[in-house]
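Q: Please take a close look at one part of this structure and describe it in a connected account.

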Amino acid sequence: MPFSFKIEKKGGRMRAGTLVTPHGIIQTPAFVTVGTKATVKALTPEQVASLGAQVVLANTYHLYLEPGDEIVRDGGGLGKFMNWPGPTMTDSGGFQVFSLGAAFGKNASKIAERGAVPEAAAGFRGDSDEKSSVHEALAKIDEDGVSFKSVIDGSPHRFTPERSMEIQHNIGADMFFAFDECTSPHAPYEYQHEAMDRTHRWAERSLDYHQKNVKRDGDGMPTQALFGIVQGGRHEDLRKESAKIIGGMNFDGFGIGGSFDKEDMYTVVGWVNDILPEGKPRHLLGIGEPEDFFGGIENGADLFDCVAPTRLARTGNLYGAHGRININNAKFKKDFDSIATGPDGKKCVCYTCANYTAAYLSHLFRANEMEAATLASIHNLHFIVNLVKMIRQSILDEKFQEFKKEFLTKYHGK
RNA sequence: GCGCAGGUGGUGGAGUGGUCAAUCACAAGAGACUGUAAAUCUCUCGCCUUCGGGCUUCGGGGGUUCAAAUCCCUCCCUGCGCA
């Protein structure tokens, strides 16, 4: 059975569904665990599976550089290579157009606080070849594609939509994304428009290459599914135009990418999802924090991925029902109680919290022991994955609004 | 007891007559992180402060000098070597 997506329950824009892939079923809404370099940092696939994760997302740019997409292909494809038997995805490298281009050396995020005009905005000219005061961008965009300098050794590389598809065919994830440009939230309207139009042309080229070259099974069905990406920044007219154009192409699913103002991110998602075809899955790329799942799901998103749980874990920040804690804080040194609460507000049941005290985890972080990252990552991923599962259940039970209010009150009330 | 080398912040260790006490690192305290340039980055770290600055300090005491962590004397302490 190749691919199918079935919506089981709807409520306004939100839906609970089932996404079938060649390597298993994903019950949506779902959190997609990020494993950029074909590994969820600090965790074995068995640990990732045991905390409830259903699907792993790796990155085209990073795997192309290291170890090389042909090695992943020869190793049996992403899932087999990394020993993850479940569903897999790859991102196209479009985010690296941003993080290694306009955002390079600027400490800039794809999420902007409204009204805030950080350093990244100053002198923005839309093109990525400007020199920041600290670093020279490692990515330059033109109509045909993007020229990169390797973050590993500085060597020059070139991505086009066709090349990204070829690499992603080699990596062989169940689902993957069209090559796009993720823009800076500080780019002006004109640039957002220009980048969006280019992303649309790249989407067409991505889809065309994919349909001609994808490996097919015995029934002639594609073995990989391609998702197109909607862009348009925070602008209503651009987002709606992008949803219409990308939504009109024959993709298997959709990504909602690019930059947002934190305050109206969910509104933007709503605009887009009112236009995208209802029967296909929608992935809100790179999001998010606990509150974002409620906002995204309420507005029709089915899939999320975010580095936050694993990245935060490695610096000692742990999710809890009453907000985040920093296990490095002095108050945890002699705290022999359990570490955190779960998304249900009760004592967390993850492997880490069930077996270790706050004082012990505090010790591991202070001593720079590697296991600190493992235990903290297990907790954070468990929290996020299961929060999204609980939201899914609340949709099925028609109790979404109650759960949202209950959770967010606690989470932000501390 | 004699000889040699030392004693600077929580630690290691810079500084060896003025423009400078505390480079740098570690430890400590706190913060940030949203399709992973990320086991990373930022800030604070003698005392006081209206954030302009003010004050105190280099084992103890004494001295030389316009000026001493820095030179001299002495005492105390530590390490090493020899008796």
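**A helix pair**

A: Helix 6 crosses helix 7 in the right-handed sense (the near helix is turned clockwise from the far one by less than a right angle; left-handed if anticlockwise). The model is predicted: local features need pLDDT of at least 70 and side-chain atom pairs count only at pLDDT 80 or more, while totals for chains, interfaces and linings use all residues. Residues are numbered from 1 along each chain as its sequence is written, chains are lettered from A, and ligands are numbered from 1 in the order written.

On the helix 6 side, P161, E162, S164, M165 and H169 make the contact; helix 7 supplies W202, R205, S206, Y209, H210 and N213 (C-beta atoms, placed from the backbone, within 7 Å). By class, this contact of helix 6 with helix 7 holds four nonpolar, five polar and two charged residues (nonpolar: Ala, Val, Leu, Ile, Met, Phe, Trp, Tyr, Cys, Pro; charged: Asp, Glu, Lys, Arg; polar: the others, Gly among them).

Elsewhere, the surface near RNA strand B takes its largest share, five residues, from helix 11 (near: C-beta atom, placed from the backbone, within 6 Å).

Notes. Helices (H or I, at least four residues) and strands (E, at least two) are DSSP runs, numbered from the N terminus. Two residues are in contact if their C-beta atoms, placed from the backbone, lie within 7 Å.
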